[in-house]
Amino acid sequence: MASLAGFRVSPSLLINSEYKSCFRVRALSSGGVGDSTVLSADSVAVNGASVIREKGKTGSLIDVGNGKLKHSVVAERKLVKDVVSKDLEVLWEDGYGTQSVKDYLDAAKEIIKPDGGPPRWFCPVECGSPLKNSPTLLFLPGLDGLGLGLILHHKPLGKAFEVRCLHIPVHDRTPFEGLIKFVEQTVRLEHASSPNKPIYLVGDSFGGCLALAVASRNPSIDLVLILVNPATSFGRSQLQPLFPILEALPNELHVTVPYLLSFVMGDPMKMAMVNIDSKLPSRQRLEQMSGNLTALLPRLSGMADIIPKDTLLWKLKLLKSASAYANSRLHAVKAEVLMLASGKDNMLPSGDEAKRLKSTLQNCNVRYFKDNGHTLLLEDGISLLTIIKGTSKYRRSRKLDPVSDFLPPSMTEFKYAFDQVVGLLRFATSSVMLSTLEDGKIVKGLAGVPNEGKREGSSTEFFINDWIKVMGGVPVSAKNLFKLFSTKSHVLLYPGGAREALHYKGEEYKCIWPDQQEFVRMAARFGATIVPFGAVGEDDIADLVLDYNDLMKIPVVNDFIKENNHGINIRDEISGEVANQQLFIPGLLPKVPGRFYYLFGKPIRTKGKQDFLKDKENANQVYLHFQHLSSERSISQERKLHPSK
């Protein structure tokens, strides 16, 4: 795959694996609505940690027309303490998986205590302090209204966003239009104070309708919507026949309804697997899952307090009006949308709804999670921050910058990617790493690779292309290359890209690179050290039966390849054979088990050679030297020194 992988690496990795399992919240005033939006300190105390009530004068908003607001500050508000955090370390500990549904139910037991107040925002203390200039993320909850639906994701999201969660008290009866205005006011205030930063609305089920409604009324504001099984398909819900029965159900039997809903809305097995290490033996995983289920089931009785009968009936009416309102205004939504759809949603037809919204909304991408239920965010799977990063939705300004907006992979992401995504390939090919020392000696391992390069201070499942972005892959362009060099990042460049990786028939061990020395002179400008790198083994483990030309002659497959390559920008500013960067899955027949070999050649330092390499001919000679060292034929000769055991 033609891409650049840029990483900001600090000199040491600070990994903290100790986390407390308590849930605390910090109350916020949304501004312009007085104390009515402040979560009262004497009304909520979770796990013994009282909520701190933050009072003070707030700014006011003046409508100046065209949906724009002017911020008039009486006393400058501070919704979140201005703490400047350091850049994230590579393989930073994100804390994903340290909390589970059990923590959600424990926290819910405390936060549902009635105080007579209206809807309000709160900041989970677990989120901590975000990186400097992080955008705001507003979480809009589902049917429960608690605002605790991101509890599994608080710690990772808290590094990249200023997280605020909407809490709708159990006995609150604010109509849907009132909730729209409440969220809308916060969105407009945020936009007025930071007009160049996007605002993220994460809408879960009912919250998805609320996010779409707010977006439709504010098309000029830069919004990014993350819709998780949105309830816009409520009219086609599989539970529609049960709603009249729920209304007629005696109060004495209502205690059974939450148990029923809990199994309909989510997958208990996926919930119980959240904090279990996938590398454990099957027996230990089963024992831990059994223990988690045993601890979870007694807590489900609290669901009857979260959704009592009168509240459930009210929420069903609210869902109906929310779905109708959002669907009537889909045409007005200009925001960037990412929909996450579960394949085992037993409450809503989310799979079909994803197709409908993708074709209806102007800018909508979809990711499917075939093994998850309706409560996707509370089940075992992938961190929401990882999904946002992998789909190129994380940005700090109006336009995505793949270099400055890059967040390095966490330890959780690294383990998941290399165990679950590429683990089978590594096992099957028994990869061997080789590198070249300064004296030209080739050794096993990466001892010859320099350590310099550190900087201080479409509707598919979430899979390999998304993981490439999570790990830092960006399109090859002079602009991106310049940015990476200027930040002293490590850069892994595949000059041949997809054209070289996906050979045609008769191209075994062939090196296909651009004609121009696209990176040598730029590397010299920054005094970078260039390490030639190559791999061999693809042509040893399989015979190529169907290449790109063969596949394009098959009508159905032809259309499939064209559709999957539509809009994919792998490489910019290139011509010649390498410009043919078409992605496809070749037809292969496996050979006798082979092995991949990776060779890192002798590093070549360009520092102090800027004037010499300014000459195109000199740069071209160095370029051809790299091409020879990185060619598969060259590596295939070197691997004879280290044959398979």
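This dialogue goes through some features of a predicted model.

Me: Where is pLDDT under 50, and how should such places be read?
Reply: Where pLDDT is low, the predicted coordinates should not be read in detail. Here pLDDT stays under 50 over residues 1–23, for which the model has 97 contacts beyond four places in sequence. Residues 455–459 also stay under 50, with 16 such contacts in the model. The chain average is 76, and 70% of the residues score at least 70.

Me: How many disulfides does a search of the whole structure find?
Reply: A disulfide is a covalent bond between the sulfur atoms of two cysteines. The search of the whole structure finds zero. Take Cys-127: the nearest cysteine sulfur belongs to Cys-165 and is 6.4 Å away. Because its relative accessibility is 6%, Cys-127 counts as buried. Cys-364 is buried as well, with a relative accessible area of 6%.

Me: How many aromatic pairs are there, and how is a pair read?
Reply: A pair of aromatic rings is described by the distance of the centres and the angle of the planes. The count here comes to 15 aromatic pairs. In one of them, Phe-533 and Tyr-598 are stacked, at 6.3 Å centre to centre with 10 degrees between the planes. This pair links distant parts of the chain, since Phe-533 belongs to strand β20 (residues 533–536) and Tyr-598 to strand β23 (residues 597–600), 65 residues apart.

Me: Which other aromatic residues can be looked at?
Reply: Phe-161, Tyr-200 and Tyr-394 form one aromatic cluster. At Tyr-325, Arg-329 lies over the face of the ring, 3.7 Å from the ring centre.

Me: Which residues touch the most other members of the largest nonpolar core?
Reply: They are Phe-161 and Leu-225, in a core of 102 residues. Helix α4 (residues 206–217) gives the most to this core, with eight residues. Beyond its neighbours within four places in sequence, Leu-225 is in contact with residues including Leu-201, Ala-211, Leu-212, Val-333 and Leu-338. A second, separate core has 16 residues, among them Phe-485, Val-520, Ala-528 and Ala-619.

Me: Why is helix α1 described as largely enclosed by the rest of the structure?
Reply: Helix α1 (residues 101–111) is largely enclosed because eight of its 11 residues are buried. The buried residues include Val-101, Tyr-104, Leu-105 and Ile-111, and also Asp-103 and Glu-110.

Methods. Residues numbered from 1 in each chain as written. Predicted model: local features only at pLDDT ≥ 70, side-chain atom pairs only at ≥ 80, totals over all residues. Heavy atoms only, no water. Disulfide = S-S within 2.5 Å. Buried < 20%, exposed > 50% of the residue type's maximum accessible area, 1.4 Å probe, protein only. Phe/Tyr/Trp six-rings, centres within 6.5 Å; stacked < 30°, edge-to-face > 60°. Helix = DSSP H or I, 4+ residues; strand = E, 2+ residues; numbered from the N terminus. Lys NZ or Arg CZ within 6 Å of the ring centre and 35° of its normal. pLDDT = per-residue confidence, 0-100. Contact = heavy atoms within 4.5 Å. Core = buried A, V, L, I, M, F, W, Y, C linked by side-chain atoms within 4.5 Å.
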